[in-house]
Amino acid sequence: MNALFYLFRRKLDYTVRRVSVYLSYEPDSEALSEKFYGLYIVLLLLGWTIVMLALTVSWLGNQLAKLHFTAAEYDRFLFLGLGGWLALTPWLVYRGYDLYKFDLADLDFLDNVPLSPTLVTLGWWGRSLFKLPTLIFTLICGIIASTVSYVSGGQDWVALGLGLAAGAGIFGIASGFRWLLGLLRYRPGPTINGWVAYGSSGVALGILVFFPWARVIFWPAALVSWLVTEATGDGLQWLLAGGALAGLVVTLLGLVFGLYRLARTVRLAPAFEEGKLGGQYRLLTGVQAGAGGLREEASLRLHLGRRYQQNQGLSGKADGALRVAQPKFMGVAAALFSKQWLRFQRLPISQTLPSFLILILVGAGVAVALATQMQAQASVIIFIQIAYLSNWGLLKLGVGPLRRELSHPDFFVSWPISRLRLMSYCLIAGFGLLLVSGEAGLLVAGLTGLLSWSNMGLWLTLWGLLVAFDVLALLFDFQRQLKKWSASPENIPNVGTGLVLLVGVVWLFVMLSGLQSSLFVAAAALLMGYSFLSSSRAA
Amino acid sequence: MTNDSTELKIPPPALQVTGLTKSYGGHKILDQLDLKLPPASLVGLLGPNGAGKTTLLKALAGLISPANGRVQVAGYDLRKHEAEVRGKLAYVPDVPHFYVELTVLEHLELIARAHKALIGFEERAERLLRRFGIWEVRHNPSFALSRGQTQKLAICCAFIRPSEVLLLDEPGGTLDIKSVMRLYGMLTDYRQAGGLALLSSHQWESLQTLCDMFVLIDQGQVLAVGALPFLREAASLSPEASLREIYLAFLEGQEADQDDETDEEELEEADAEQPV
């Protein structure tokens, strides 16, 4: 127990020190000036929070007042939302993984300090509540309560307090419920399978929407929605509000008791196993994502690691038969394509779909915005924004496959082609979908009358030239950056602001040169870029 | 007059390095390094920690760009004929980074496909993987391998494709003794097939019997290159002296030279400060 307190105190110290670094405050200093500075920071933050809350509430209240909803209607919306959250808990538990979310250091600590499963479970559940999502959710509940009270002429400051308490309460209850069901996975005996998870969530949603006594069954959601939306409406009902809060506390205590009883039968070994994979994922996304932008790699590793732990092959089959043969399909391009195809097959749909959607939306959005604004002869300010923001998005997205390849430096050596050609292949893979979706977007804009159809050939060519220029600029920039690279995955080169600005200036020239001459300007820029690249390569 | 068809053609060195220089943060890791190694040989790269062994191998592999200097593989300049060099050069890093999404066997297949070496791939891959004892884990993802298995996979990736020069950065560091012996057996075969293998290692006893030549480096410069008898003679040691003794003699000589230089500089400074 003391060891657990010690661990959490260290974690708290660490958090305090991190915050102190941000605020340039030295907590260990005995100097009076430093103490005054700390007080000043606290007062400043407190004052800023109060002012921002007041501003948010009044602005939101004015917007909501236009909708003319009654407090009862807000109550119903909120009840359905919170009830839906509780109803979906079995599904969330079934889809979830690594309930405890141990850090890798926690695993080392627990290996050396044998604590009982009950203590570990209650300790890490409690710790899971002190995270940023809890704060955000609680704050949102408080703001909603205050806003609804402000609209209906109630005591918005009291409502803020009640909303905060109710928000924290329902978050704790939902979390406790999720942990209660989640713990079943770590104890001997039947666990929640897919049928049970989807079935119970479906039935619960049905009850929530259609059953007349749904408020009784989903009582925590009912109490919170009432506290947030109606408790301080026209007149404060202190007794009822107190009763509702007491109801939430009793529910929470009941869940804690349930967790305590269930945790006694839990085996920690599978939780540690999941925690190791999850801990590595958090480490990769926390440390390397900033340096190398490898969040996607970490997610893929977690996904495939889960499959592997469940004795499934990487493609979902138990044994991936050797697919080789087909010796005709050889060479670097074929190898890269086959690798990309395997990757595509193995990425979880939750990762593939958003990635593709973003690429398609950005490609089409940028192309259509560029063409329509040029057609409308928009102002320079608009052009500057399009040039900078578009290229920021295009370059960051398009460079993804190249940076992924660079994160395997030894393989980067193994490809029997020049570095420049390999980079070109990677960038073609990165910009291919952006180019195609842009062309498709332009065609759709032409068909819907957004763009003049007579100039469609010009738009399509211009988009191709501009994307090609982006690719060329990236090749030039990465060739320059790779000369200084230490071939370590921790410091992979990235798209810098300088490159975005440079490419943005070229785009701006193209946009300002008018509809007819834009093609010539873009082609000239492309030729000039190619010439630069060739000369830098020769040097 | 000489007839072109009868003229004796001397093959180019398998690996030639001229004036190779690389610095990080103002500190020279490689300093005007020159090296020439023949084909069909096994060469041990030796040096203390931080001598520049890994940086040299990375520069030879074209993984990092040197500030100055030239690397030629089988007569091809790395900068001008990059594709040809990469086709002839294989590299086994000290810490390999594999693709998350691929299995052990798929990594081999990927390399073989890129190098157009898929003919007879199944048999070669099985033989290699069995030799290093990772056939049983061939369908496992690369991230599920142990450190030793990861190193074995990196070695297999280098041997599954054709090459003329093989660079190995401490390949035996995490391998079990059986696998080390098998690796040395494969390297001997590689030499017989005409390849040059340059390997950095701290396993002195094994290197002494395995390698034909040794390159001793320190502070980014070559101290000595040659076969064991030549190095013994250069270090003025007895014919029974081991590689370890030769290496230490060269390092001590280097340190003594440095001390002498420092003493001379200090004396000169002291003389300059003496009042006339």
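Leaving aside its neighbours within four places in sequence, with which residues is Cys156(B) in contact? The partners are Leu108(B), Leu128(B), Leu129(B) and Phe132(B). Contact here means that the C-beta atoms of two residues, placed from the backbone, lie within 7 Å.

Some ground rules come next. This is a predicted model, in which local features need pLDDT of at least 70 and side-chain atom pairs count only at pLDDT 80 or more, while totals for chains, interfaces and linings use all residues. Residues are numbered from 1 along each chain as its sequence is written, chains are lettered from A, and ligands are numbered from 1 in the order in which they are written.

Cys156(B) belongs to the largest nonpolar core, which has 141 residues. Such a core is a set of buried Ala, Val, Leu, Ile, Met, Phe, Trp, Tyr and Cys residues joined through C-beta atoms within 7 Å. A residue is buried if 20 or more other C-beta atoms lie within 10 Å of its own, exposed if 12 or fewer, and partly exposed in between. Together with Leu167(B) and Ala197(B), Cys156(B) touches the most other members. Helix α21 (residues 456-482) of chain A gives this core its largest share, 12 residues. A second, separate core holds 63 residues, including Tyr100(A) and Phe218(A).

Now look at where the chains meet. On chain B, 37 residues are in contact with 40 residues of chain A. Helices α2 (82-88), α3 (104-114) and α4 (121-131) of chain B each supply at least two residues of the side that touches chain A. Helices (H or I, at least four residues) and strands (E, at least two) are DSSP runs, numbered from the N terminus. The most comes from α3(B), with seven residues. This side of chain B divides into 21 nonpolar, seven polar and nine charged residues. Ala, Val, Leu, Ile, Met, Phe, Trp, Tyr, Cys and Pro count as nonpolar, Asp, Glu, Lys and Arg as charged, and the others, Gly among them, as polar.

Chain B also holds an open sheet. Its six strands run in the order β6-β7-β8-β3-β9-β10, with mixed pairing. Strands β6 (89-92) and β10 (221-226) of chain B stand at the edges with a single partner strand each, so one side of each has no neighbour in the sheet. Strands pair if DSSP finds at least two bridges between them. β6(B) and β7 (residues 165-169) of chain B pair in the parallel sense over four bridges. There, Val92(B) stands opposite Leu168(B). Helix α1 (residues 53-60) of chain B lies across β3, β7, β8 and β9 of chain B, at about 150 degrees to β7(B).

In chain A, helices α17 (residues 380-398) and α20 (residues 419-447) pack at about 135 degrees, with their axes 8 Å apart. Axes are lines fitted to C-alpha atoms, for helices over the stretch in contact, and angles run from 0 to 180 degrees between N-to-C directions. The angle makes α17(A) oblique to α20(A). Angles under 35 degrees count as roughly parallel, over 145 as roughly antiparallel, 65 to 115 as roughly perpendicular and the rest as oblique. Leu394(A) of α17(A) and Phe431(A) of α20(A) are among the residues that make the contact.

Most residues other than glycine have a negative phi. Asp98(A) has a positive phi of about 55 degrees, and lies between α4 and α5 of chain A. Gln219(B), between β9 and β10 of chain B, has a positive phi near 50 degrees. Asp98(A) is partly exposed because it has 19 C-beta neighbours inside 10 Å.
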